[in-house]
Amino acid sequence: MSSTEQPTAPLRVAVLVASTREGRFAPVVTRWLTGHLGQRPDLRADIVDLAETPLPTVLPAFGEEPPPGTREALAAVSPRLAAADAFVFVTPEYNHSYPAPLKNAIDWHNAEWHGKPVAFVSYGGLSGGLRAVEHLRVVMAELNATTIRNTVSFHQATGSFDADGRVDDPAVDAAAKALLDQLTWWAHALRDAKSRRPYAA
């Protein structure tokens, strides 16, 4: 690094854990992902588990006050999304789409997504959750977010991990690296651009 070059602050990556079901497999996949994130000094992860930070399921009509307790619930989530430079959604596939709690969290926010990249780690049966990802791409485009091309998907997910939550497959590790490399590129590019010019939604 030259004497005039400034060190780059780590990118803040909010990992949204979409499933809130009892007995969910999401913690296994999330621990695997955070293991990869922890190997990257250029990334700092914040796990936003929607089972631990539930949001109200009834959105107020335009111009009306939100239900009681809404501000307190949002205070546990909204500032973390606003502070993030990038996102990873960890999502299963429910009925050919993604879980309702994730859609609810998306809909409670707007500017928090603008001009930021989103990556996906999905899991499920034969499809590996990829139909959920394709639905999310359309939704996040409407919210002025950039979804990256690379994904990691676990087909027949419960058989992909050993009893300790490890994945013994070099191809999966390579896919995780490609996903995080691409997410990092977009996050730096968009953060740098917004530092010079406010994002126009």
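Visitor: Is Ser122 buried or exposed?

Guide: Good place to start! Keep in mind that this is a predicted model. A residue counts as buried when its relative accessible area is under 20%. Ser122 has a relative accessible area of 0%, so it is buried. You will find Ser122 in strand β4, residues 117-123.

Visitor: Which residues is Ser122 in contact with, leaving aside its neighbours within four places in sequence?

Guide: Ser122 touches Thr91, Gly128, Gly129, Leu130, Val133, Val152, Ser153 and Phe154.

Visitor: Now for helices. Which residues of α1 are buried?

Guide: Here is the general idea: an α-helix has 3.6 residues a turn, so residues three or four places apart point the same way. In α1, the buried residues are Ala26, Val28, Val29, Thr30, Trp32, Leu33, His36 and Leu37. They pack against β1, β2, β3, β4, β5 and α6.

Visitor: How many residues does α1 have, and what span does it reach?

Guide: Helix α1 has 13 residues, and from its first C-alpha to its last it reaches 18 Å, close to the 18 Å expected at 1.5 Å a residue.

Visitor: How do I read the way α1 and α6 meet? At roughly what angle do their axes cross?

Guide: Picture a line along each helix. The axes of α1 (residues 26-38) and α6 (residues 170-196) come within 11 Å and cross at roughly 60°. The crossing is right-handed. On the α1 side you see Trp32, His36 and Leu37, which meet Val172, Asp173, Ala176 and Leu180 of α6. Sorted by class, this contact has five nonpolar residues, one polar and one charged.

Visitor: Which residues of helix α4 are buried?

Guide: In α4 (residues 100-107), they are Leu102, Asn104, Ala105 and Ile106. Their cover includes β1, β3 and α5.

Visitor: Let's turn to rings. How many aromatic pairs are there in the whole structure?

Guide: A search finds eight. To read a pair, look at the distance between ring centres and the angle between planes; over 60 degrees counts as edge-to-face. Phe25 and Phe161 have ring centres 5.6 Å apart and planes at 70°, so this pair is edge-to-face. Phe25 sits in the loop between β1 and α1, while Phe161 sits in the loop between β5 and α6, 136 residues apart.

Visitor: What about the rings of Phe154 and Phe161?

Guide: Their centres are 4.8 Å apart and their planes are at 45°, so that pair is tilted. Phe161 is buried at 9% relative accessibility, and Phe154 is buried at 3%.

Visitor: Which residues do ring pairs link into a cluster?

Guide: The cluster holds Phe25, Trp32, Tyr123, Phe154 and Phe161.

Key. Residues are numbered from 1 along each chain as its sequence is written. This is a predicted model: local features need pLDDT of at least 70, side-chain atom pairs count only at pLDDT 80 or more; totals for chains, interfaces and linings use all residues. Side-chain values use heavy atoms; hydrogens and water are left out. Axes are lines fitted to C-alpha atoms, for helices over the stretch in contact, and angles run from 0 to 180 degrees between N-to-C directions. Helices (H or I, at least four residues) and strands (E, at least two) are DSSP runs, numbered from the N terminus. A crossing is left-handed if the near helix is turned anticlockwise from the far one by less than a right angle, and right-handed if clockwise. Contact means heavy atoms within 4.5 Å. Ala, Val, Leu, Ile, Met, Phe, Trp, Tyr, Cys and Pro count as nonpolar, Asp, Glu, Lys and Arg as charged, and the others, Gly among them, as polar. Buried means under 20% relative accessible area, exposed over 50%, partly exposed in between (1.4 Å probe, protein chains only). The expected span of a helix is 1.5 Å times one less than its number of residues. Rings of Phe, Tyr and Trp (its six-membered ring) pair if their centres lie within 6.5 Å; planes under 30 degrees apart count as stacked, over 60 as edge-to-face and the rest as tilted.
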